[in-house]
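Me: Can you walk me through this structure? Keep it quick.

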Amino acid sequence: MASEAAAQMNFQTMEHPAPMPIDQRTQVLLTPGFGTQFTDHMVSIEWSDTRGWHNGVIGPRHPIQLDPAAAVLHYAQEIFEGLKAYRHPDGTAALFRPEANAKRFNDSARRMAMPELPEEMFLEAIRLLVEKDNGWIPEEEGSSLYLRPFMFASEAFLGVRPAKRYKFLVIASPAGNYFKSGAPAVSIWVSSDYTRAAPGGTGAAKCGGNYAASLVPQAEAIERGHDQVVFLDAAERKWIEELGGMNLFFVFDDGRVLTPALTGTILPGITRNSLITLLREEGLTVEEGRYSLEQWREDATTGKLVETFACGTAAVVTAVGRVSGHDGEFTIGTGGPGQLTQKMKDRLTGIQRGLVADSHGWVKKLG
Ligand SMILES: *Cc1c(COP(=O)(O)O)cnc(C)c1O
């Protein structure tokens, strides 16, 4: 089993024989899109029940071989994280709260009966990759290097029990604006036929399975001319939970802000957590509680609700302008981004990019 001593990993380094030529990379970084381009390297670490974490390698990014009976392909033991490396004005690279990702990764691992990865090993893997592929961090405002750590069950076994072998990998992808349109506000569809997570389920774990389950309702949202789907709670189909991959905040005319409480069916976003802190610093009252679809519609109509925004690492802070469901449509504020949404987006991205003082120790400079 993994011992305390094994928290240290001596990563083997393998040089890339043919990294992308610099002029070609420069072209890619001008319009990186989201999730379509990848850097030259990756990190991998293996786990087995007899050896614990071993065989850490940073080397050329390459396809991985899997046995057709690999447990992940059958029973979906898979978890992931998402965080970004930013280029600061002084030329250094910086991460935003990577320890929070390391910790959440292990929360997800426990829920999916997977081995925990020592937080220091998770952080070291990320540092190594960002150092190696430092030249892949785009410099344009709004762009960054998106890091995707993930773990899956690689054991070849069709019986149903936690696997005895896993792989942990980190890949990186230069990222521009998440929403292709760069839309100032997104429109969302309230799913009444599907839910994302039920009490006792895996809603608070960052696992691929949650996303698989959200694809049909997301496709339904697109079909109906919306950008994103919002889910209601599974028990009463009444309370607003979150989008497929972003948390929500509701802003009222009296300076109150509400975000759905972490009841186990909502993913505890690091952006969400950071914004609660930043909003309180603005002197606003932030409540974590329940908010019904019915109340949302009423408050938007009377003007009591002035803004709604969604947040997450990929799309940062995005205004919600329009909401539709089976029983009609309503607009929030003017339908565009409100003042507080814009302000919080600027605050948060300012901190992340090294333009605004970081008084919370959130930013980790890598040099
Ligand atoms: C990752 C994720 C979020 C946002 O989390 P951040 O840590 O802010 O990136 C929100 N909802 C779901 C379902 C997620 O998977």
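Me: What kind of model is it, and how are residues numbered?

Reply: This is a predicted model, where local features need pLDDT of at least 70, side-chain atom pairs count only at pLDDT 80 or more, and totals for chains, interfaces and linings use all residues. Residues are numbered from 1 along each chain as its sequence is written, and side-chain values use heavy atoms, with hydrogens and water left out.

Me: How many aromatic pairs are there by this rule?

Reply: The count is 13 aromatic pairs. Rings of Phe, Tyr and Trp (its six-membered ring) pair if their centres lie within 6.5 Å; planes under 30 degrees apart are stacked, over 60 edge-to-face, and the rest tilted.

Me: Take Phe-250 and Tyr-291. Why is that pair called tilted?

Reply: The ring centres of Phe-250 and Tyr-291 are 4.6 Å apart and the planes are at 50°, so the pair is tilted.

Me: Where do the two sit in the chain?

Reply: Phe-250 is in strand 12 (residues 247-252). Tyr-291 is in the loop between strand 14 (285-289) and helix 7 (293-302). Helices (H or I, at least four residues) and strands (E, at least two) are DSSP runs, numbered from the N terminus.

Me: And Phe-250 with Trp-296: what are the distance and angle?

Reply: The centres of Phe-250 and Trp-296 lie 5.1 Å apart with planes at 80°, so this pair is edge-to-face. Trp-296 is in helix 7, 46 residues from Phe-250.

Me: Are those two buried or exposed?

Reply: Phe-250 is buried, at 0% relative accessibility. Trp-296 is buried too, also at 0%. Buried means under 20% relative accessible area, exposed over 50%, partly exposed in between (1.4 Å probe, protein chains only).

Me: Which residues form the aromatic cluster?

Reply: Phe-250, Phe-252, Tyr-291, Trp-296 and Phe-330 form one cluster.

Me: Which charged end sits over the ring of Phe-252?

Reply: That of Arg-256, 4.4 Å from the ring centre. Arg-290 has its charged end over the ring of Trp-239, at 4.0 Å from the centre. The rule: NZ of Lys or CZ of Arg within 6 Å of the ring centre and within 35 degrees of the ring normal.

Me: New topic. How many residues surround the ligand?

Reply: There are 15, and the closest are Lys-206, Tyr-211, Glu-242, Thr-271 and Thr-313. A residue counts if one of its heavy atoms lies within 4 Å.

Me: Which atoms lie by the ligand's oxygen atoms?

Reply: A polar side-chain atom of Lys-206 lies 2.7 Å from a ligand oxygen atom. For a polar side-chain atom of Thr-271, the distance to a ligand oxygen atom is 2.6 Å. Ile-270 has a backbone N or O atom 2.8 Å from an oxygen atom of the ligand.

Me: How much of the ligand does the protein cover?

Reply: The protein covers 97% of the 380 Å² of accessible area that the ligand has on its own. Areas come from the Shrake-Rupley method with a 1.4 Å probe; for residues, only the protein chains shown count as cover.

Me: Last one. Where does Thr-265 lie?

Reply: Thr-265 is in the loop between strand 13 (256-260) and helix 6 (270-281). Thr-265 is buried, with a relative accessible area of 5%.

Note on methods
A polar contact is a pair of N or O atoms within 3.5 Å; within protein, one must be able to donate a hydrogen and the other to accept it, and residues adjacent in sequence count only if both atoms are side-chain atoms.
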